[in-house]
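Biologist: I am new to this structure and would like to learn how to read it. Could you take me through the main features in turn?

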Amino acid sequence: MTATRPAPGLLELRDPPPGLPDPNLVPPTIAESGDPFAAARIVVLVARLERGRPIRIADIVARLNAAYLDWIFSPAVVTDVLLQLQVNWMADYRNSSGIVVADGPTGPTLTVEDSSRVDPWIVRQAQRSAADCTERLADFSRRDRPSSRD
């Protein structure tokens, strides 16, 4: 048996014992308004929706909840992101026809304009949300303790 001297930062791991479970379990996440991680998931779905016809927000919520089983999306959170997209569209194009959130006979709906300008615009919106996520992760990684308290 060879003895080694301990050294700072030296941590060798042996192979895991048989049957050891994977520790990379992800706790469930409840989507919140203002959270870039929720917004990124919502915007990416909106980018893939059918264009030129009203789609019930309830159906968008159901699709998100089916796609991300470890997340819970509420209609309020999804609507907040859609309304922000509508505001961003109006700021960029000075009209309200691109992203329309309205009340329909079966509940609130989203209609995405069927034009060639939507795809590049929505990709930029998704990239902005992804950049916000990356910044939030970078901020987290720079902290040296789990809370902001000293």
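Modeller: Begin with contacts, meaning heavy atoms within 4.5 Å. Among contacts in the protein chain between residues at least 6 apart in sequence, 64% join residues at least 24 apart. This is a predicted model, where local features need pLDDT of at least 70, side-chain atom pairs count only at pLDDT 80 or more, and totals for chains, interfaces and linings use all residues. Residues are numbered from 1 along each chain as its sequence is written, and side-chain values use heavy atoms, with hydrogens and water left out.

Biologist: How many helices and strands does the protein chain have?

Modeller: Helices (H or I, at least four residues) and strands (E, at least two) are DSSP runs, numbered from the N terminus. The protein chain has 4 helices and 5 strands, in the order β-α-β-α-β-α-β-β-α from the N terminus on.

Biologist: What does the C-alpha trace span along its principal axes?

Modeller: About 75 × 35 × 35 Å. The radius of gyration is taken over C-alpha atoms, and the globule rule is 2.2 Å times the number of residues to the power 0.38. The protein chain has 22 Å, while a compact globule of 150 residues would have a value near 15 Å.

Biologist: At what angle do H1 and H2 pack?

Modeller: Axes are lines fitted to C-alpha atoms, for helices over the stretch in contact, and angles run from 0 to 180 degrees between N-to-C directions. Helix H1 (residues 36-48) and helix H2 (residues 57-67) pack at about 115°, with axes 11 Å apart. From H1, Arg 41, Ile 42 and Leu 45 meet Ile 60, Arg 63 and Leu 64 of H2.

Biologist: Which residues have the most contacts inside the largest nonpolar core?

Modeller: In soluble globular proteins, nonpolar side chains tend to be buried together. A nonpolar core is a set of buried Ala, Val, Leu, Ile, Met, Phe, Trp, Tyr and Cys residues joined through side-chain atoms within 4.5 Å. Here the largest one has 29 residues, and those with the most contacts inside it are Ile 42, Val 46, Ile 60, Val 78, Leu 82 and Leu 110. Leaving aside neighbours within four places in sequence, Val 46 is in contact with residues including Leu 82, Leu 110 and Ile 122.

Biologist: Is Gln 86 buried or exposed?

Modeller: Buried means under 20% relative accessible area, exposed over 50%, partly exposed in between (1.4 Å probe, protein chains only). Gln 86 is buried because its relative accessible area is 15%. Gln 86 lies in helix H3 and, beyond neighbours within four places in sequence, is in contact with Ile 99, Val 100 and Val 101.
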